[in-house]
Amino acid sequence: MRNVQFWQVSGYEANADIEDTPLPPGHLFRGTNTEDGAAVLVFWDESMGRWQEVDPSLVDT
């Protein structure tokens, strides 16, 4: 587990503890928002240089 700062779907910054191993095929990381305990899916956005949350309704995990 590691803690990262990420941009939420809502547009606000938050922190999450994410798993070290991504979900297959290797771009999404499952984690827990450290403020409210909500489950999150995040990915590293190379072009923006930051972690971004993915809307979970758009992902089949």
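Predicted model: local features only at pLDDT ≥ 70, side-chain atom pairs only at ≥ 80, totals over all residues.
## The overall layout

Starting at the N terminus, the protein chain runs β-β-β-β-β. That makes five strands and zero helices.

Residues are numbered from 1 along each chain as its sequence is written, and side-chain values use heavy atoms, with hydrogens and water left out.

## Size and surface

With 61 residues, a compact globule would have a radius of gyration near 10 Å, and the 11 Å of the protein chain agrees with that. This radius is taken over C-alpha atoms, and the globule rule is 2.2 Å times the number of residues to the power 0.38. Along the principal axes, the C-alpha atoms fill a box of roughly 25 × 25 × 25 Å.

The protein chain has an accessible surface of about 4200 Å², with 49% of it belonging to carbon and sulfur atoms. These areas come from the Shrake-Rupley method with a 1.4 Å probe, and for residues only the protein chains shown count as cover. Of the 61 residues, 30% are buried. Buried means under 20% relative accessible area, exposed means over 50%, and partly exposed is in between (1.4 Å probe, protein chains only).

How about links across the sequence? Take the contacts (heavy atoms within 4.5 Å) between residues at least 6 apart in sequence: 25% of them join residues at least 24 apart.

## A cis bond in a loop

Pro25 sits in the loop between strand E2 (13–18) and strand E3 (29–33). The peptide bond leading from Pro24 to Pro25 is cis, with omega near 5°.

## Two partly exposed strand residues

Asn15 belongs to strand E2, and Thr32 to strand E3. Asn15 counts as partly exposed because its relative accessibility is 33%; Thr32, at 35%, also counts as partly exposed.

Setting aside neighbours within four places in sequence, Asn15 has Thr32 among its contacts, along with Asn3, Val4, Gln5, Phe6, Asn33 and Thr34. As for C-alpha distances, Asn15 and Gly31 are separated by 9.7 Å, while Thr32 and Arg50 are 17 Å apart.

Gln52 counts as buried because its relative accessibility is 14%. Its side chain makes a polar contact with the side chain of Asp45 at 3.4 Å. A polar contact is a pair of N or O atoms within 3.5 Å; within protein, one must be able to donate a hydrogen and the other to accept it, and residues adjacent in sequence count only if both atoms are side-chain atoms. Not counting residues up to four places away, Gln52 touches Phe6, Trp7, Leu41, Val42, Phe43 and Asp45.

What about Glu53, which is buried yet has no salt bridge? A salt bridge needs a side-chain nitrogen of Lys or Arg within 4 Å of a carboxyl oxygen of Asp or Glu. The nearest side chain of opposite charge, Arg50, is 12 Å away; Lys and Arg count as positive and Asp and Glu as negative, while His and the chain ends are not counted. A polar atom of the Glu53 side chain does lie 2.9 Å from the backbone nitrogen of Val9. Val9 is also one of the residues that Glu53 touches, together with Phe6, Trp7, Gln8, Val40, Leu41 and Val42, not counting residues up to four places away in sequence.

Definitions and conventions. Helix = DSSP H or I, 4+ residues; strand = E, 2+ residues; numbered from the N terminus.
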